[in-house]
Amino acid sequence: PSCLFPGVVPLLLVLHWKHGAGSPLPITPVNTTCATRHPCHSNLMNQIRNQLAQLNGSANALFILYYTAQGEPFPNNLDKLCGPNVTDFPPFHANGTEKTRLVELYRIIAYLGASLGNITRDQKVLNPNALSLHSKLNATADIMRGLLSNVLCRLCNKYHVAHVDVAYGPDTSGKDVFQKKKLGCQLLGKYKQVIAVVAQAF
Amino acid sequence: ICDYSVVPLSSFAVCIKCLGFDLSVFSEPLPLAPESLEVSVNSTHQCLHLQWSVHNLTYHQELKMVFQIEISRIKTSNVIWVENYSTTVKWNQVLRWSWESKLPLECAKHFVRMRSVVDDAQIPEPKFWGDWTSWEEVDVRRSLGPDPLFVFPKDKLVEEGSNVTVCYVSRSHQNNISCYLEGILMHGEQLDPNVRVFHVNNVPFIRETGTNIYCKMHQGDVIKGIILFVSKVFEEPKDFSCETRDLKTLNCTWDPGNDTGLLTQLTPSYTLLESFSGKKAICTHKTWCNWQVAPDSQEMYNFTLTAGNDLRKRSVHLLFNLTHRVHPLAPFNVVFKNVSTTNATMAWRIHSVGNYSTLLCQVEVCGEGKVIQKQNVSVKVNGEHLVKNLEPYTEYAAQVRCAYASHFWRWSEWTRHNFTTAEAAPSEAPDVWRNVKSMQGHCVVTLFWKPLSKLQANGKILFYNVVLEHLDGPSTLKLLSIPAPANGTELILDQCSYEIHVTANNSVGSSPASVIMVSRDPGSKDVGEERVKGTKRGFALSWKPQPRGVTGYVVEWCQCPGDPLCDLRWKSLGPNATSTLVSSDAFTPGVRYNFRIYAISTERIPYLLERKTGYSQELAPSDNPQVLTSNLTASSFTLSWKDYPAESQPGFVQGYSLYLKSKAPQCLPGSEKAVLPDNSVCCKYKIDNPKQKTFVVENLQPASFYEFFLTPYTSVGEGPLGAFTKVTTPDEYSHILIRILLPMIFSILLIMILCYLKSQWMKEKCYPDIPDPYKSSVLSLIKSKENPRLTIMNVKDCVPDAIEVVNKQEGTRKSLTDTEPAKHSYLYVLPTEKRYPGPGPCICFENFTYNQAALDSAACGHVPAPSEAQPNQLGLVTSSEHVLKALGKNYVNSLGEIPAGETNLNYVSQLASPLCGDQSSLPTNPPEPVLCSEYKMQMAIPVGLASPPSIPLLEEGEH
């Protein structure tokens, strides 16, 4: 399942960010052939549920690790600095059809995966000694890559959806350090909130 | 940080001079004023960049000018900076100047203007300032965006201890904004209604990842912040030094000092600049840099090492002569030639340093880890040195290093090489000792010798030669060669008078001989043994000096006294010695060591002088004696422990302690109260004589219970606490009773045994089954009282009518509980109508055991005739009751008073027969064939009266 995101995320992100934050990617025609490299897992939905549960189970710990590593004022001003007010975050409708939910899940995981890449890159510079945070960020990104692959497989095989338009969050590379920390904290707060809803919906 | 560079504007300008213009030709000089002033902002570095140009210059004209720059903040009248910038201005040149603001530029408007004056010798006096340019306004706040709050400067990098100014810009006029540095409230000053400024002085280093500064707007829950990166102060490089190893390359090294931080902006860069040559080298390493020496024989070098990061630059200088900084490479090809027993020649080569240079080399020779020789040698290319005064067959380590001879700067590294000198003959005779035993007329001599030390051996000892010279008889020599590493040999000699020479041999030669005499009488007189007290250092032994005729002394002992092999050790001493300290790491506490001190006579014959024994450290006894109790009386008992090996204890046994427990509250005389390790109280007898092996405990109470425990003690303490032995004293009179009772019991037993053995005789004598009527007192009574004529019936007169036959199973035993009486069968010999009562005809029968008496008495008993038996039919009485009744009656009758007129006689108790077993065990249910008939018809019966074939003795199954 991890074959879809084989370490080319940064390249993809650069390409996508040229279009600006939140702008959708060019949509692949619907009738494009839906081809996956490997056959999907027999119990794919169960695997997706497990991955969601895994992410949901570790999201809060990741959030805590992150804001603790940033130092004051982050731990004591979570509502102001780490509130989940990410404006361009992809929506999710828990009462939709499975296809809709899978498409929305795909967008969310793609968005989160890219944002986690930014956060990981920034934190390696800003907090080079926070090894446990780096480890947790990498582990979360790994699960997301697998989940994205599984969701795409499911969409492909069952609903014949070959591509999904995705949007990414703002690039933080040009922002000041305090703003990078804050955006990362907001993103992880949003992630913690959203992943709970998504895991419940599946 | 701010860039001050000046860049020419264009290279294709019109050559005014070529066109014939010149300033000097003008009657009135044209105004030279700054024009086209542009101001830009670099927020990252908080710099204002100014850019302008000066018109009216002719082609190729260069003028020195001074530009006065004024900077105002907030309003034009608030001038905060005035600076005169001097530079040479060329034609068509764009001039640039930068200024770094302490206050973040976003926090306030800034205004810039300038004017100029020509300060060039070409221009005659008077000099005057030109007009000011118009104010250029710089207002960064316009481009900040719509956020309600901003904090500046962003991501500023400063050194620890510097001063930083922080400000916030808010969109509202409300002043309910608080700012914090790492959670601590900061106090600032209001710059304008929307801007507040905070001065952070002497900023501390908190962490490499930056210091968080943030401002909190209480209305709207807005927090904005910045990260202030504080680095450690960038230090100047230390220990900057350069040297060359080959006069071709210089290697410069330095200590960079502490790290300043993780940020890339803080990563230092190092540059090496040589001022004489003007060359520059960028150093890629943090601590060293190489510099190629110029081939033009530059001798003097003046280096400047510049280290810097984004915050600071540091420089250090070094001036030196190249030949004074020569650090030669280590010598190579070190070899040793002509190695003899005491000398060796050391040779080596050196790396050339320039042409015709001379090196000073230092040679060190080390033996056993110590420097034993040190020598300096001057060397051009090849070095050589003769090392003298060495020991034979010894390994040495030699090392050499070199330095530039002209100007010593530094030694090279050492180059080491080991060598071993040649062997020589052993220099000392081996230390030899012997042990002599006589065995079956022979002398068994065990020779021991100590291996020679390395200095004495002068080589590898290959074998030992033992030469035996017989002294008593004709002088004969016998040579034994014993290969190394043997340290002794055993010789069986027919006689004991020998002179023995022992030499050690290596590949070069033999050592001097060690001579020892062996004689049959070793001169060992009966020498007493003294005790010696050992210490941790060993045993200090002393002996009486011998008046004369002693060539030395030898102290001998066994390292392992308990071991049969003994591990004999000895120590040889000179003739003047009277004491020595025998020390060994192998001396074990608690082990008794026996030392024998021998004196060596002038004839080299050793004789025993003294004997010592002792412990390196005495211990308490390890075990207690097995105590035997004897002579137990009512008031005493004796203890003995004669088998106790006091000599094998781990200390000299000084005596014994006897602990006695009793119920008596007071201790007996001779003892005292003592408390045992288990806190029990008892009485203690102290036996001071270690040779005493018995002890009598007296004054005891009769019939009392005592417990005792005996333990030896040494100077260290007593033996381990063991179990107490219990003793109960007997009653006072019991021994008297025993003296009487025992013989009585013995006598009774003897009588009983005799009685048992002679029971038959006794029975016949005392209580026969058939009493002899003639011996009966009854008869005399009867005779005297009633009928004097009454006589005893003669047996011969009786004719038996029936035979009582008692059958008994041979070999069967009767259970005690089986009360069934024996079955008696009555063999009716005579036919009778009335079996009972009434006298009938008698039958006489022969019984060998009884018959003799019967014959003697000439009597015959009457057998009562069966009362109901049919003629010619011998019935069998099967009722046991009848039998018992009959037996009882008959027996009573036989013993008791016989009524007058009764003449019947019963033979029941005549049945004792050895072949038939126990008479009392009568068969009760004899189902088997008759094995033995206890009665045998003895008397011939008239044929007409009893015919055997017609008599069914027993029916089958009735035995």
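Me: Which handedness does the link of B:Cys361 and B:Cys402 have?
Reply: The link of B:Cys361 and B:Cys402 is right-handed, with 95° about the S-S bond. Please note that this is a predicted model.

Me: How far apart are the sulfur atoms of B:Cys361 and B:Cys402 in that disulfide?
Reply: The sulfur atoms of B:Cys361 and B:Cys402 are 2.0 Å apart.

Me: And which strands hold B:Cys361 and B:Cys402?
Reply: B:Cys361 belongs to strand E27 of chain B, residues 359–367, and B:Cys402 to strand E30 of chain B, residues 395–404, so the pair ties together parts that are 41 residues apart in sequence.

Me: Is B:Cys361 buried or exposed? What about B:Cys402?
Reply: B:Cys361 is buried, its relative accessible area being 0%. B:Cys402 is buried as well, with a relative accessible area of 0%.

Me: How many disulfides does a search of the whole structure find?
Reply: Eight disulfides are found over all chains. Among them is the one joining B:Cys179 to B:Cys215, with an S to S distance of 1.9 Å.

Me: Why is the disulfide of B:Cys179 and B:Cys215 assigned its handedness?
Reply: The torsion about the S-S bond of B:Cys179 and B:Cys215 is about 105°, so this disulfide is right-handed. B:Cys179 lies in strand E12 of chain B (residues 177–181) and B:Cys215 in strand E16 of chain B, so the pair ties together parts that are 36 residues apart in sequence. Both B:Cys179 and B:Cys215 are buried.

Me: What about B:Cys242 and B:Cys252, how far apart are their sulfur atoms?
Reply: B:Cys242 and B:Cys252 form a disulfide with sulfur atoms 1.9 Å apart. The link of B:Cys242 and B:Cys252 is right-handed, with 110° about the S-S bond. B:Cys242 is in strand E18 of chain B (residues 238–244) and B:Cys252 in strand E19 of chain B (residues 249–255), 10 residues apart. B:Cys242 and B:Cys252 are both buried.

Me: Changing topic: how many residues does each of chain B and chain A bring to the contact?
Reply: Chain B brings 15 residues and chain A brings 16 residues. The area buried between chain B and chain A is about 1,400 Å², and carbon and sulfur atoms give 61% of that area.

Me: Which three residues supply more than any other three of the area that chain B buries against chain A?
Reply: They are B:Thr209, B:Asn212 and B:Ile223, which supply 34% of the area that chain B buries against chain A.

Me: How many salt bridges does the rule find across the interface of chain B and chain A?
Reply: The rule finds one salt bridge across that interface. B:Lys154 forms a salt bridge with A:Asp176, with the closest N and O atoms 3.5 Å apart.

Me: And how many residue pairs are in polar contact there?
Reply: Six residue pairs are in polar contact across the interface of chain B and chain A, both residues being at pLDDT 80 or more.

Me: Which elements give two or more residues to the side of chain B that touches chain A?
Reply: Those elements are strand E16 (211–217) and strand E17 (222–231) of chain B. E17(B) gives the most to that side, with six residues.

Me: How do the residues of that side of chain B divide into nonpolar, polar and charged?
Reply: The side of chain B that touches chain A has six nonpolar, four polar and five charged residues.

How values were computed. Residues are numbered from 1 along each chain as its sequence is written. Chains are lettered from A and ligands numbered from 1 in the order in which they are written. This is a predicted model: local features need pLDDT of at least 70, side-chain atom pairs count only at pLDDT 80 or more; totals for chains, interfaces and linings use all residues. Side-chain values use heavy atoms; hydrogens and water are left out. Contact means heavy atoms within 4.5 Å. Buried area is the accessible area (1.4 Å probe) that two parts lose on being put together, summed over both. A salt bridge is a side-chain nitrogen of Lys or Arg within 4 Å of a carboxyl oxygen of Asp or Glu. A polar contact is a pair of N or O atoms within 3.5 Å; within protein, one must be able to donate a hydrogen and the other to accept it, and residues adjacent in sequence count only if both atoms are side-chain atoms. Helices (H or I, at least four residues) and strands (E, at least two) are DSSP runs, numbered from the N terminus. Ala, Val, Leu, Ile, Met, Phe, Trp, Tyr, Cys and Pro count as nonpolar, Asp, Glu, Lys and Arg as charged, and the others, Gly among them, as polar. A disulfide is a pair of cysteine sulfur atoms within 2.5 Å. Buried means under 20% relative accessible area, exposed over 50%, partly exposed in between (1.4 Å probe, protein chains only).
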